[in-house]
Amino acid sequence: MPDLLLELFCEEIPARMQAQAADTLRKLVTDALVERGLVYEGAKAFVTPRRLALAVHGLPASQPDVHEERKGPRVGAPDGAIQGFLKASGLASIDQAKIENDPKKGEFYVAHIHKHGRPTPEVIAEIVPAIIRSFPWPKSMRWGRNSVNPNTLRWVRPLQSIIATFGPETEEPEVVPFEVDGIRSGDVTRGHRFLSQGTIRVRRLDDWLTKLEAAFVVADRERRKDIILNDAKDLALAQGLELVEDAGLLDEIAGLVEWPVVLTGSFDPAFLDVPDEVIRATIRANQKCFVLKDPATGRLANRFILVSNLEATDGGKAIIAGNERVIRARLSDAKFFWETDKKTNATVPLEERLAKFGNVTFQEKLGSQLERIQRIARLARELAPMVGADPDLAEQAALYAKSDLRTEVVGEFPEVQGLMGRYYAELEGLDPAIALAAEEHYKPQGPTDRVPTAPVSVAVALADKLDTLTGFWAIDEKPTGSKDPYALRRAALGVVRLITTTGASINLRDAVKRSIVLHVIHGMRPSNGYPSIAAYYDCQHEEQPKPDWNATPYSLLLNADGFLDAKGSDAAICQAGNPDLGSDPESASTGELRYAAYTELTNRLETLDSVYICSVFDDLDNPTASYLEVACLFVAQHSWLDKAVNDLATDLLSFFADRLKVHLREAGARHDLVDAVFALEGQDDLLLVTKRVEALGRFLATEDGRNLLAGTKRAANILRIEEKKDGVSYDGGVDVVLLHEPEERALADAIAALGPKIEAALAREDFEGAMGLIAGLRAPVDAFFDKVTVNAADAGLRVNRLRLLADIRAITRQIADFDRIEG
Amino acid sequence: MFALIRAGARLRLRAIFPPTAGFPMIDPTLPPHMRPDKSFQGLILALHAFWADKGCVVLQPYDMEVGAGTFHPATTLRALGPLPWKAAYVQPSRRPKDGRYGENPNRLQHYYQYQVILKPSPADLQDLYLASLDAIGIDLKLHDVRFVEDDWESPTLGAWGLGWECWCDGMEVSQFTYFQQVAGIECSPVSGELTYGLERLAMYVQGVENVYDLNFNGREGDEKVTYGDVFLQAEQEYSRHNFEHADTAMLLEQFRMAESAAAKYLAAGWNDDKSRHLMAQPAYDQCIKASHVFNLLDARGVISVTERQSYILRVRELAKACGAAWLATAAGGAPSAA
């Protein structure tokens, strides 16, 4: 069986694109072959910085022949139909068609069409140029003379030559002839850019590999990676050191060399004063080199591993010296940054350092980084008691946590943010909890990242994430579909995992509301106060630009009760001065509407400003209350604002609920149990939801649980049918007098007795207890269905029994919506 | 068949290859003040000689302050239109924000770029580039030269291209770009652009750690002139100017003046049926001016983040209009007027 060898030789392909490109080439070519009836035995793609190649093994020499029968018109059909049939089936005359007989249709024509399969090279010559022309590079370019042609070939970098050979192992293969934009396929390639000269003629995969290897090219990417990793480890070992492995770096380096030569160099040990992570980041980012550590201490050694693309004539001395030179310069910079930061931290008080964040915008509508830090600090303080942290410590930790963002080291290497915060806090001799929180408050970053457990870290981590979520919710920048530019899903999952992992009992709705109020106080407010935006709406100044109402960050707050949508008002405010306004601006009623709306808007803006003022002045009547408490009380007194804050909170809580659902399912909980619990109202406490789902799962695993579930579902089914039929709800109000049978009386008594007890157990958050109590219903429910006919002939009895069923539904719903549970 | 892909041991061949044929080496008879590895001026002379030999027009720097060699009309404008073009020149480049009062051994607010532009990009451009390294004394059998992905973009010029930063033993020494778009206009044909960081290269071939220690004229003893002798005082003075004293009110006014002058010249340059433009280059000078003034304002820290974007857009609009005007000139390839 013949093999195909394809090599696309070009100028250096970006390392990050290579693996994907090899995969894509294999898939595109093999799919196209199979689609044309050319089934193969195996295929392997190769990629180096300068070539993309594919070997397809065990292809047939040609496509299989195809036999097709095409039914035509009946014998004696009009000439038009006959001609059409001849044209479609490619027959020269109707004599070439056979005549077949069908009992229903009678005699009709059939064309027997034989298609000889085309030789495989012909098919390859057709599909490969098309694949090259439409190859999905992340970014492609034009080059050279041909670039004036609008249909010029685009490739990742200039494409220089193409190998395409085809033939069985035992014979000299042929070149599959084709041309792409002036490049003719052939059987010639080049070896290493510097270590090899001239061209190489190849026949098929095995000698392509051998000849390339002799020309200093390791074509297989995985083998290059193995060589680099093994040589690096050996070199480290030879120096009594250990390689700090880095899979991402290894991938990248394997895409930068065709002939990896691993060398080792050193730097001045004085640079080891700089934290290991900074040294590593410097050497990795700028030089693409590995660092080494001392296995005895676990700390970095003053040596590094570099991978060159050259067997240099001096054994690599000049290359090592050059790399050492650059690393010296880079580490000098890093050390300078580190020393500068230490000096700044020692001489400039934190407050002054934080003040600089006032000039840095966090988000246009959400104010500066300084305002963000103030909010997080305040919220961390509020959350502290709920997670067992000291409020003062939590507030200080939050104030400190972001301070490393303005340091020189983090400015240069953003990946060490947080970590540097910890180092600097330790150097400043701050409480260890503050140092730890500086590092940990970004966590957890995803579904598998570690969740911090130190109370102060938890408080700051929660505050940081909640602040981000409430802010973007308030300005209506929620994630949509696949778009989540601010990683809000990750932040919400972080909150979920923090709460469920640490078991912190947090009233999430309350925390969210407080966080929203903090945004009103710090960040959203225009520098000259909320009322300043009303100036734009002054009806007297019609020549002023029409304000874009939706662009104001507070539109969700101001308009939650829809006052601007009230007829006329929104138009009056938003479009004052717009001559296209439907209503007559001169009419008295329009004027009144506008005036009323304008007054209301002004009042609302004044109210928002008063919320802000709560944070500026002490409440003389209530001197011990915190400004946030006073502000929250003030918000609660204004129904439109209270509603706005509550609506936002509700919406965000349902987002948390979605994240929790996903999280519980991924942790192995049954999705129907999760749904059954979330179907209950007011499931704001993520921890309680989790506990309830767990308890429910255990309960349903018992015999009582299974039976009660069956009984409850039966009740719910009957109710669903009867309520639909009668068009009424049977909730509530069983008439004791109408309970005739002992079983229905027993059931009613059991429900009446258990109801308050279950309620009390739930109030204690004792889910196991509640489940144990409700298990007591199993026997009366079973007995009821055994003995009592629900749809009694007597209408009064029937209604009363349906009401009894509704009571079963109601009491079980205290635990979960059993109707949503499967089984 | 795949069994044949064996993980064979690699050959450990060393230095069995003859020196690359056709690569010029440094002429050993050259005196030090002409040698690229002994003097800064020698480096420039070697590059001039090399690229002159490859058919380039060797130009002098543009006589205006620019941020990079790309701004020279010999690159920005000549990259547009169908006519072939080959040029090489040194361009002093001003980066007001990079001033360090002469205290940093690697950063300068004024430095030299060596710029080569070849249109259309020749098929052997990479080989030409490597030969030029050899010509300035970088032995390709000793040094690890790599082409590392780097996509180039100039928001102010409305330009982008694909290419690499070229590494020599881990140090970036050049920028290699295939222009795809300039002044918002598709390049047709595509030009190849090479930019050498002259100070860095010189530091490397001279084996010097501090830019100010570079031997400028290749002499020794009393006759020796270093890079510091020539430029240290200027770095100190201009750093003061760029960060502390540049007159911001005047600069803001200059920006507006340059912008409106460019618009004026652009409008005046079009002929009646808008088929020819007669003043593309004077208009483009004003665009260069606006760009440099913006860089100074930026260094003075008087431009906020949001304003920054709008200044860049304003310069880009000028660049685009100048590019469009250039295409309506003879050198821009417009058909000769009837």
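**Where chain A meets chain B**

A: In this predicted model, 44 residues of chain A are in contact with 38 residues of chain B. Four elements of chain A give two or more residues each to its side of the contact: β2 (42-48), α4 (205-214), β16 (300-308) and α8 (317-347). Of these, α8(A) supplies the largest share, six residues. By class, the side of chain A that touches chain B has 17 nonpolar, 12 polar and 15 charged residues.

Take β2(A) next. Is this strand enclosed or open? Five of the seven residues of β2(A) are buried, so the strand is largely enclosed by the rest of the structure. A residue counts as buried when 20 or more other C-beta atoms lie within 10 Å of its own. β2(A) also has a partner strand. Seven bridges join it to β3 (residues 51-57) of chain A, and the two run antiparallel. Two residues sit between β2(A) and β3(A), and together the strands form a hairpin.

Further along chain A comes a three-strand sheet. It is open, with antiparallel pairing, and its order is β4-β6-β5. β4 (66-74) and β5 (98-102) of chain A stand at the edges. Each has a single partner strand, so one side of each is left without a neighbour in the sheet. From one strand to the next, the twist averages 35°. Seven bridges hold the antiparallel pairing of β4(A) with β6 (residues 106-115) of chain A. Within it, A:R74 has A:F108 of β6(A) as its bridge partner. In a regular strand, side chains alternate between the two faces of the sheet. A helix covers part of this sheet's strands: α2 (residues 79-89) of chain A lies across β4 and β6 of chain A. The helix runs at about 170° to β4(A).

Now the core. The largest nonpolar core has 304 residues. Those with the most contacts inside it are A:A380, A:A397, A:A459, A:V460, A:V517 and B:C322. Helix α15 (residues 455-474) of chain A gives the largest share of this core, 12 residues. On the chain B side, B:C322 touches B:A183, B:A280, B:A283, B:Y284 and B:C287, leaving aside residues up to four places away in sequence.

Chain B itself divides in two. Its domain assignment gives domain 1 (20-242) and domain 2 (247-326). The C-alpha centres of domain 1 and domain 2 of chain B lie 26 Å apart. Their contact takes 21 residues from domain 1 of chain B and 19 residues from domain 2 of chain B. On the domain 1 side, the residues divide into 12 nonpolar, six polar and three charged.

B:K274 is found in the loop between α6 (248-269) and α7 (280-299) of chain B. B:K274 is exposed, because 8 other C-beta atoms lie within 10 Å and the cut-off for exposed is 12 or fewer. From B:K274 to B:P96 is 38 Å, C-alpha to C-alpha, and 178 residues along the chain. B:D27 is found in the segment before α1 (40-53) of chain B. B:D27 is exposed too, with 11 other C-beta atoms within 10 Å. Its C-alpha is 30 Å from that of B:A74, which is 47 residues away in sequence.

Note on methods: Residues numbered from 1 in each chain as written. Chains lettered and ligands numbered in written order. Predicted model: local features only at pLDDT ≥ 70, side-chain atom pairs only at ≥ 80, totals over all residues. Core = buried A, V, L, I, M, F, W, Y, C linked by C-beta atoms within 7 Å. Contact = placed C-beta atoms within 7 Å. Domains from an automatic or database assignment. Nonpolar A, V, L, I, M, F, W, Y, C, P; charged D, E, K, R; others polar. Pairing = 2+ DSSP bridges. Axes fitted to C-alpha atoms, helices over the stretch in contact; angles between N-to-C directions.
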